[in-house]
Amino acid sequence: MTVVTAPQKNLGMKDPLLEKIRQYWNEHIHDLELAKHPVGSKGFFQDLDEYRFDKLRYLPHVVDFQAYADRKILEVGCGVGIDLIRFAKAGAQVTGIDLAEQSVGLARQYFEHEEVAGSLQLGNGEELEFADNSFDMVYAHGVIQYTSNPKKMVDELRRVVKPDGQVVMMVYNRISWLNFLSQTLGVGLEHEDAPVLRKYSIPEFKDLLADFSEVGIVPERFPVKSRLQKGAKAAFFNLFFVPAFNLVPRALTRNTGWHIMAFAKK
Ligand SMILES: C[S@@+](CC[C@H](N)C(=O)[O-])C[C@H]1O[C@@H](n2cnc3c(N)ncnc32)[C@H](O)[C@@H]1O
């Protein structure tokens, strides 16, 4: 992988597991293998955006990227900034932090290519360097499940959001079609080799968010054809499982969505 110039900063982390998590994510940029263009090029980010919003086609329906013009948004675990740039392009004042220098460096390149303003910093979501009540919206999509101490991170997300703001989060659903299929077919999940990967039931996730005054839960992410898997299992999945599953009314399968989205008020 191209080495990206990234901010050097000592995060002063006392938890050795966080250091392992940081190392892992420096070596495993999310969805990197799907990109056809060279890492860091304009086409690279377009590939990642196209792949993400095909796989997560629900996302723009549940998160209104256009609705935050002039609002202050913090994304914790922003990766290379694929979601964050959507908020920024719609006029939000965005800050993205990530534990991994590679992600922050790539996110900076993405914002530069697109000539969009944003503050992208190295940071630990378990100890945010922001004052209480700083942001209108705090976003952590696919991050809480990979950190060392999820309660600490959730407390920080709640601390920095304004009293009338919102925290938007996503974790993986243990009781989901994807987890069931992965275990039945013996097909590994993405990033199953990460130092930490937790899966939650909906009640467990609600327990984690118990300090919020209001929490709306939306299970999402239903089967779409896979571009990653190859061979007989992929053929079974793409040609049989995906169409068959999607014939069942969503009302019956809703709670088995792989992504549990939460929309929480302080
Ligand atoms: C699966 S990726 C998701 C990236 C992005 N949110 C997305 O949806 O594409 C998980 C990201 O969380 C970051 N991360 C994990 N623990 C973190 C922490 N304690 N503080 C900040 N970032 C963290 C990783 O470095 C990685 O970039």
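Asp-136 first: I looked up its relative accessible area and got 17%, so I have it down as buried, the cut-off being under 20%. I am working from a predicted model, which I keep in mind throughout.

Where does Asp-136 lie? I find Asp-136 in strand β4, which runs over residues 135–141. Next I checked what its side chain reaches, and found the backbone nitrogen of Lys-72 at 2.8 Å. I then listed the contacts of Asp-136, leaving aside neighbours within four places in sequence: Arg-71, Lys-72, Val-161, Lys-162, Gly-165 and Gln-166.

**Leu-209**

Buried or exposed? Leu-209 has 1% relative accessibility, so I count it as buried. I place Leu-209 in the loop between α8 (202–208) and β6 (214–220). With neighbours within four places in sequence left aside, I get Val-154, Met-169, Val-215 and Ala-262 as the contacts of Leu-209. I also looked up a distance to Leu-106, which sits 103 residues away along the chain from Leu-209; their C-alpha atoms are separated by 31 Å.

**Around the ligand**

How many residues surround the ligand? I count 21, and the closest are Arg-52, Gly-77, Asp-98, Gly-125 and His-141. By type, I sort the shell into eight nonpolar, ten polar and three charged residues. Which element gives the most to the shell? That is helix α1 (residues 16–27), with three residues.

For Asp-98, I find a polar side-chain atom 2.5 Å from an oxygen atom of the ligand. For Gly-77, the atom is a backbone N or O, and I get 2.7 Å to a nitrogen atom of the ligand. For Thr-147, I note a polar side-chain atom at 2.9 Å from a nitrogen atom of the ligand. I also looked up the cover: on its own the ligand has 600 Å² of accessible area, and the protein covers 96% of that.

**Aromatic rings**

I searched the whole structure for aromatic pairs and got 19. I started with Tyr-172 and Trp-258: their ring centres lie 4.5 Å apart and their planes are at 5°, so I call this pair stacked, given that the limit for stacking is under 30 degrees. I see that the pair links distant parts of the chain, 86 residues apart, with Tyr-172 in strand β5 (residues 161–172) and Trp-258 in the loop between α10 (250–253) and β7 (259–265).

Are these two buried or exposed? Tyr-172 has a relative accessible area of 8%, so I mark it buried. Trp-258 comes out at 6% relative accessibility, so I mark Trp-258 as buried too.

Next I took Trp-177 and Phe-245, which form a tilted aromatic pair, 6.0 Å centre to centre with 50° between the planes. I find Trp-177 in helix α7 (residues 177–185) and Phe-245 in helix α9 (residues 232–247); at 68 residues apart, this pair also links distant parts of the chain. I have both Trp-177 and Phe-245 down as buried.

Last entry: which residues do ring pairs link into a cluster? I get Tyr-24, Trp-25, Tyr-146, Tyr-172 and Trp-258. I note that the stacked pair, Tyr-172 and Trp-258, belongs to that cluster.

Definitions and conventions. Residues numbered from 1 in each chain as written. Predicted model: local features only at pLDDT ≥ 70, side-chain atom pairs only at ≥ 80, totals over all residues. Heavy atoms only, no water. Helix = DSSP H or I, 4+ residues; strand = E, 2+ residues; numbered from the N terminus. Buried < 20%, exposed > 50% of the residue type's maximum accessible area, 1.4 Å probe, protein only. Polar contact = N/O pair within 3.5 Å; in protein donor to acceptor, adjacent residues only side chain to side chain. Contact = heavy atoms within 4.5 Å. Near = heavy atom within 4 Å. Areas by Shrake-Rupley, 256 points an atom, 1.4 Å probe, with all protein chains shown as cover. Nonpolar A, V, L, I, M, F, W, Y, C, P; charged D, E, K, R; others polar. Phe/Tyr/Trp six-rings, centres within 6.5 Å; stacked < 30°, edge-to-face > 60°.
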